[in-house]
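Welcome to this short tour. Please open the structure in your viewer and keep the selection tool at hand.

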Amino acid sequence: MNSKQVDYYAKLKTRLFSDQKQRITYSFNETERTITGIMQEKEDLIYLYEYRGQYIGIEFFISFSKTSISYKLIKVDEMTS
């Protein structure tokens with residue numbers, strides 16, 4: 001493993017999520033997509049975590065910059081339990 005990989009994993013933090021999910025609409029190259037999961041913002045980045053079902057749970061899906069040309073966050077709706 002090179003030093004960049006080691007540094008990345010050293011900074012990686014486990015995230016725990018509540019059972020509350022969100023309906024997240026984003027676009028990639030002007031094509032809209034909707035997923036169920038959790039959206040988090042940290043500094044200039046948006047992190048999307050997708051709900052993959054009862055047995056898998058919530059997994060990291062994608063992250064992108066708030067100033068990204070290709071990716072745009074369109075809408076985040078809280079889902080009722």
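Select Asn-29 to begin: in this predicted model, Asn-29 sits in the loop between β1 and β2. Its phi is near 50 degrees, a positive value in a residue other than glycine. Asn-29 is partly exposed, with a relative accessible area of 47%.

With 78% relative accessibility, Glu-30 counts as exposed.

Next, go to the largest nonpolar core. Select Ile-24, Tyr-26, Ile-35, Met-39, Ile-46, Leu-48, Ile-62 and Phe-64, the eight residues that make it up. Two or more residues of this core come from each of β1 (22-28), β2 (31-42), β3 (45-51) and β4 (58-65). In soluble globular proteins, nonpolar side chains tend to be buried together.

Stay with Tyr-26 for a moment. Leaving aside neighbours within four places in sequence, its contacts include Ile-35, Leu-48, Phe-61 and Tyr-71.

Lys-66 forms one with Glu-41, their closest N and O atoms being 2.8 Å apart. Lys-66 lies in the loop between β4 and β5 (71-78) and Glu-41 in strand β2, so this pair ties together parts that are 25 residues apart in sequence.

Then select Glu-50, Arg-52 and Glu-59, which are linked in a network of salt bridges. Between Arg-52 and Glu-59, the closest N and O atoms are 3.7 Å apart.

Asp-77 is partly exposed at 31% relative accessible area, and Lys-75 is partly exposed at 45%.

Key: Residues numbered from 1 in each chain as written. Predicted model: local features only at pLDDT ≥ 70, side-chain atom pairs only at ≥ 80, totals over all residues. Heavy atoms only, no water. Core = buried A, V, L, I, M, F, W, Y, C linked by side-chain atoms within 4.5 Å. Buried < 20%, exposed > 50% of the residue type's maximum accessible area, 1.4 Å probe, protein only. Helix = DSSP H or I, 4+ residues; strand = E, 2+ residues; numbered from the N terminus. Contact = heavy atoms within 4.5 Å. Salt bridge = Lys/Arg side-chain N within 4 Å of Asp/Glu carboxyl O.
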